[in-house]
Amino acid sequence: MFILSKKQIAKRLLQIIIVLLGISFITFALTFMSPGDPVRNMYTATGVMPSEEMIQETREEMGLNDPFLQQYTRWLGNCLKGDFGKSYSLNRPVTELLAERLWPTLKLTLMSMVMMLILSVPLGMLSALYKDKWIDYLVRGITFLGCAMPNFWVGLLLILAFCVYIHAFPVISSAGDFKSLFLPALTLAIAMSSKYTRQVRTAVLDELSQDYVIGAEARGVKRSKIIWQNVFPNSLLPLITMFGLSIGSLLGGTSVVEVIFSYPGLGNLAVSAITSSDYNLIQGYVLWLALIYMVINLIVDASYVYIDPRMRLKE
């Protein structure tokens with residue numbers, strides 16, 4: 001069985017470290033230059049109206065008056081120990097807050113990916129197998145609309161239809177039951193399904209034009225057998241990379257949907273952190289997502305070797 005060599009693993013880990021350092025520096029620099037005052041917002045969140053003297057004293061105690069490089073190196077050193085600091089607005093450790101919100105966002109991501117696959121794979125296959133027929137035109141028209149509609153608008157339409165008129169789902173979602181997850185996940189799945197349906201269609205059409213399909217049909221092999229045993233598995237291989245990228249994108253790109261549905265995930269937490277100039281929370285959020293995103297991509301790249309036998313032979 002093929003495994004990644006030590007040199008390859010070291011190279012990928014070095015790339016991850018370099019990218020994380022770059023992201024941490026850029027993120028810290030942007031928050032450092034932002035116009036908001038975290039100390040003032042911290043006092044406002046607790047209902048205290050501080051004087052300028054109190055604000056300056058607090059800033060001095062927190063080290064916010066130190067030079068940029070001194071603040072960055074101190075913060076980075078703490079991050080290497082697993083300490084991302086305390087949230088200014090919530091007065092809780094950033095690591096604790098991120099870990100608390102990670103699981104709800106993971107559940108939303110996984111459910112939306114499952115719904116996307118349920119929608120896109122059959123539609124893409126139908127569109128390819130009935131190319132230039134009415135089914136193909138219908139599917140392509142639906143995917144065009146799905147790509148054109150923004151997530152926030154789709155979410156609002158779903159709330160209006162299923163929460164206001166039908167009363168089938170709660171307006172405010174929680175991270176617990178299926179009903180709370182369904183509408184936010186469906187909102188995310190609709191846009192993704194449109195893109196994946198097109199990719200599945202393209203991949204299936206590409207496989208159908210391959211020589212092995214023509215040869216199998218010439219030997220009298222049933223078309224259904226060719227499609228399900230050869231064309232279908234081979235057409236899904238190019239989607240693996242997209243699948244991994246989509247998981248990473250969803251973990252960091254669900255903010256609008258989570259805010260609309262009041263879903264207690266990472267995206268909602270990030271929006272609150274931005275509006276309250278909670279620097280520590282913003283920086284921790286960005287680093288966490290960057291790390292998760294790169295680890296997922298590494299797993300996807302490694303999985304090709306086990307999924308596609310041709311790559312094992314090549315190695």
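Student: In this structure, is F28 buried or exposed?

Tutor: The model is a predicted one. A residue counts as buried when its relative accessible area is under 20%. For F28 the relative accessible area is 6%, so F28 is buried.

Student: How are the ring planes of F28 and W75 arranged: stacked, edge-to-face or tilted?

Tutor: The ring centres of F28 and W75 lie 5.4 Å apart. Planes under 30 degrees apart count as stacked and those over 60 as edge-to-face. The planes here stand at 35°, so the pair is tilted.

Student: Which helices does this pair link?

Tutor: F28 and W75 are 47 residues apart, and their pair links distant parts of the chain. W75 belongs to helix 4 (residues 68-80), while F28 belongs to helix 1 (residues 6-33). The helices asked for are helix 1 and helix 4.

Student: What is the angle between the planes of Y72 and W75?

Tutor: Y72 and W75 both sit in helix 4, three residues apart, which is about one turn of the helix. Y72 is buried at 8% relative accessibility, and W75 is buried at 7%. Their rings form a tilted pair at 6.2 Å centre to centre, with an angle between the planes of 40°.

Student: Which residues do ring pairs link into a cluster?

Tutor: The whole structure holds nine aromatic pairs. F28, W75 and Y72 are among the residues that ring pairs join into a cluster.

Student: Is C147 buried or partly exposed?

Tutor: Buried requires a relative accessible area under 20%, and exposed requires over 50%. The relative accessible area of C147 is 38%, so C147 is partly exposed.

How values were computed
Residues numbered from 1 in each chain as written. Predicted model: local features only at pLDDT ≥ 70, side-chain atom pairs only at ≥ 80, totals over all residues. Heavy atoms only, no water. Buried < 20%, exposed > 50% of the residue type's maximum accessible area, 1.4 Å probe, protein only. Phe/Tyr/Trp six-rings, centres within 6.5 Å; stacked < 30°, edge-to-face > 60°. Helix = DSSP H or I, 4+ residues; strand = E, 2+ residues; numbered from the N terminus.
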